[in-house]
Amino acid sequence: MDMLGSRPPAATAWLTRQAPDEPGPWLGLESRLTLETLQRYISKRQETYTPRLLCIDVKGSLCSLSSRGSLYSPPHPEPSTSEAAWDGPVDLIQQLPEVKNEYLMDLEQEDARFYRAADEDKDICIDEVPEAPFALTQKIYDLTKSVSVWSDFLRPHLHPSSIYLLNDTSFKTGRATSNSDEGIWGFPSGSAFFQRDEVEEEVSDRIRLMAESCNSLQGFQVLSNVHDGMGGVCYGVLQHLADEYGSKDSITFATTPSHLAPITLQARTLMQANILQSYTELIKLSSVFIPLNLRKHCWDFQASCVTFPNLVLLENNAYIASSVLAAFIDTASLVYRSRVSPMSLSCVVDFLTPARRNVVGGSLALPLGLSSNQGMLEWLRQGYKPQLVSLSAGCNFTVEPISELLIIRGISPSRLTRADTKLPPGVHYNSASQLYSDFLQECRIPPSERMVTSVSDPLKLSPPFPSIISGSFTEDGFANSFGNVAAAGIIKSAPSEAGLHQSGGMTPLLHDLLTVAEKLDISKVPALLEEGFDKDGWSGVVEDLRTITLNYSLNNVDIDSSDDS
Amino acid sequence: MKMLVSGAGDIKITKDGNILLHEMQIQHPTASMIAKACTAQDDIVGDGTTSTVLLIGEMLKQADIQIQDGLHPRLIAEGFDFAKVKAQEVLDKVKITEEMSRERLCQVARTALRTKVHSELADKLTEVCVDAVLAIKEDQKPLDLHMVEIAEMQHKTELDTQLVKGLVLDHGGRHPDMPKRATNAYILTCNVSMEYEKTEVTSGFFYKSAAEREKLVTAEREFIENRVKKVIELKKKVCAGNNNMFVLINQKGIDPMSLDMLAKENILGLRRAKRRNMERLALACGGMAVNSFDDMTEEVLGFAGSVYEHVLGETKYTFVEELKNPHSVTILIKGAYKHTLQQTKDAIRDGLRAIKNALDDSALVPGAGAFEIAAYDALMKYESDVKGRARYGVRAFADALLVIPKTLASNSGYDPMDSLVKLREEYKNSGGLPVGLDISTGEAVNPSDAGIFDNYCVKRHMLDACSVIARNLLIVDEIMRAGLSQLK
């Protein structure tokens, strides 16, 4: 989960500069369990380290990353038993250091150079680390196989209070049933876990400290996996946010991993139940809820993945899948976190959620497809369009569209039109957003309520972003028409577009969810009972889900007729 | 003491059985049962976790010997039950019931703390913990340990840990012109938002001219401004004619413009206070937290002799001190490293629990293995009264109890059996006085004289938990694992 407040020059600089790293902490690849909650605020004055992020993960899933983050501590001080406040003998029990992949090793070397250089001032903020030297950005890594958890490709240094580990093994030990083998725990265990005094106190305290340092806190951006108990933890966090920061908005990105395909029926049902309940509860508590899933179906774990025209995706690789979602979140969130003309979060929320419909679809076009010698206007006039691919479990956002927010990045003003293009008198384009929204309006493409934002920084694709773009593209991600292909296939950045859509396309998704929820008989699945699901609770979930779906049906008869059939 | 270093370099220093168990990856169902018993012990009484594990282990070991000899597990379990009842009777007999003086509390806290940190620090923490509890203790009211705030500061060494008779808040004023120090300050605690909020319903903002827009903006602002003005009004009223200062502590936010207004009036404004601190503030400084600024009177204000800010790295601390009659205090933990802070914090938590237990029970049990020796003696006598083969279970229980003094002896470098003989000999001659092991000499000692005490409820709960778990494990005759994947 992740979130934001108002925008600070310095902090956004950090974000934009570090853009490609975002995939990491945001999505949390999953090997054992995943990263769940990130919290990000951006404040006007950089009094504390930004991004303000709180990341909740299960103990043991950090691998080589220290739970204290690496911002202030030079890596690996030699532990010494004299530090223990004890006058008897002290046993030193040391685990073998985790094996680091090539990318992390290179990062470490770079850090070592930095620490040597700044030996006198150890407290220096990592913001001031010189830009990655050449070697690192030039090198191509193949991390697809070596990455197992998100910290394996994490580039930013995290603040010591960024990471909170669910420091208990109670949901792992003592489970005799099969689902423990697949490491899935249920929504109820997650939310029960969050309610434990020490967990809730610590988490709310960290959120409070970050909120305290914000001068004008706008809201929270929450990013969570919802297929396991983390949905429950996220539910707890959102409840706390609603309780304590009632007037602030929250945007929730709920991801379900596309690489997980549980083998046993029990595990599959458990995962479905988790998804259903998480969706329902999180929709109720968030201002905007954006389901993200690369598969075309949100709980069919065999459904095919969405395809992008110019991306090669390995379906079952979490690292690649998360990079796509990260590219989406990074682009879409620009609407409220860019330095130029940002919208306030409450505007975004109001715009996207008419009539209590707060489930919003997301889509991404990467790369845009514009070629290197074309102006955007010509390109559009030739009948091309950014091909937005839905990331919300295959929802078709062109059905009954109501409102949409489009964010285009990476088109500099010089690329809008060719020098020799004749514009009608009085027309002058300064930004891609202006041009694009005029164009869309002219073409009368629905919906009429649309907002287009543009940012000239492209999406950075340098490591650790995987090289997934195929086809011939120049180094800066434009389609290539002259044969000056990027050397060695390195594409450093690319223009991209993301969309947030409020449309009738969400209705089938919710209907499907409701149908499954109604069919599921909790009492017949031991795995669910063991995880704390119960019949009464479940009928509550179904009821809530029905209410949510009702907001999406044009007339209430819709629902009734589906009940009869 | 164990120092655990993870693969990523995270350090954890502990000796607490419960924490260690949680660091381990436990697979075996029996082990996880024991771990759960241990967690329960920690949750309920806060101490005695290692003893629990030791005792269960030893009980099963003793039972195993009997089972090898052909005794049915159910009979042993039955014996355990008899023995437990008897042992608890002994416990009631040896406990010392008296009014808890400060000295007694120090002794019990010291006994608990010495097992967690080195003795110099333990003595320091003992004073701190006892004073903290005595400060928040009110007659006729249950003791609420939450009223002792524990704050951490990564600064100096653990020996600089101190008790602050007041509160330490982990945030400070967010305006450069706000006073950094206030003497004789009125304290207003409130839960009122002082920042610009979005409207509850979706609304638009329409205007025709710049002037009109300005007007709308001011109108929106006015709502918040009125709140701030009310605070300023109150300040002017109470501070008129004296040199007192005014401090505002808000649970909600305060935005920069409001901060600015407050700073101009020389008011220190703190925002986003911890929810629990609101309660503590009311107890510490007097006054009460308000939820609205309407009709405020002087009565809602608290008072503190001194409020000052301390900046440490990127964190600010605000100390609220010199209070008249604080019913809430803060233990400020200091230490050079994160892991030493954690270690001290764990120790303090145990120390506070031990004191609370002693106050709740108004009874103590002599420590240093004295209870176990006494119980052993009583059980051996009782054995002959038990009819049938269950008496072997009683004996097994009695033998198992001895693991505590044995472990004490071997941990201090003495021969366990040797010490055991000494203790039993001494106990026989003492005529019912408790006899424990002096770990510095290896000789017998009267724990009451040496000031070594354990909590009554810890021992009682330990006996309960151990016999129940051991009993349950004994009568399990086969472990079956369910689940498809196990059958592969």
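Is B:Asn266 buried, partly exposed or exposed, and what is its relative accessible area? B:Asn266 is partly exposed, at 36%. Here buried means under 20% relative accessible area, exposed over 50%, and partly exposed in between (1.4 Å probe, protein chains only).

This is a predicted model: local features need pLDDT of at least 70, side-chain atom pairs count only at pLDDT 80 or more, and totals for chains, interfaces and linings use all residues. Residues are numbered from 1 along each chain as its sequence is written, chains are lettered from A and ligands numbered from 1 in the order in which they are written, and side-chain values use heavy atoms, with hydrogens and water left out.

**Confidence**

The predictor gives the complex an ipTM of 0.80 and a pTM of 0.81. pLDDT is its confidence in each residue, from 0 to 100. Chain A averages 71, and 73% of its residues score at least 70. Chain B has a mean of 81, with 95% of residues at 70 or more. The table lists them with their contacts (heavy atoms within 4.5 Å).

| Stretch | pLDDT | Contacts in the model |
|---|---|---|
| Chain A, residues 120-135 | below 50 | 20, beyond near neighbours in sequence |
| Chain A, residues 171-181 | under 50 | 26, beyond four places in sequence |
| Chain B, residues 484-488 | under 50 | five, beyond four places in sequence |

Where pLDDT is low, the predicted coordinates should not be read in detail.

**Chain A**

Chain A has 17 helices and 13 strands. These are DSSP runs, numbered from the N terminus: helices are H or I with at least four residues, strands E with at least two. Of its 565 residues, 61% are buried. Among contacts in chain A with a separation of 6 or more, 81% join residues 24 or more positions apart.

**A helix pair in chain B**

Helix α3 (residues 49-68) of chain B packs on helix α12 (residues 390-401) of chain B at about 140°, axes 8 Å apart. Axes are lines fitted to C-alpha atoms, for helices over the stretch in contact; angles run from 0 to 180 degrees between N-to-C directions. The pair is therefore oblique. α3(B) contributes B:Leu55, B:Glu58, B:Met59, B:Gln62, B:Ala63 and B:Gln66 to the contact, while α12(B) contributes residues including B:Tyr392, B:Phe397 and B:Asp399.

**Positive phi in chain B**

B:Asn266 has phi near 60°, positive in a residue other than glycine. B:Asn266 sits in the loop between α8 (256-264) and β9 (267-270) of chain B. B:Arg272 also has positive phi, near 50°. The loop between β9 and α9 (275-285) of chain B holds B:Arg272. B:Arg272 is buried, with a relative accessible area of 3%.

How values were computed. pLDDT = per-residue confidence, 0-100. Parallel < 35°, antiparallel > 145°, perpendicular 65-115°, else oblique.
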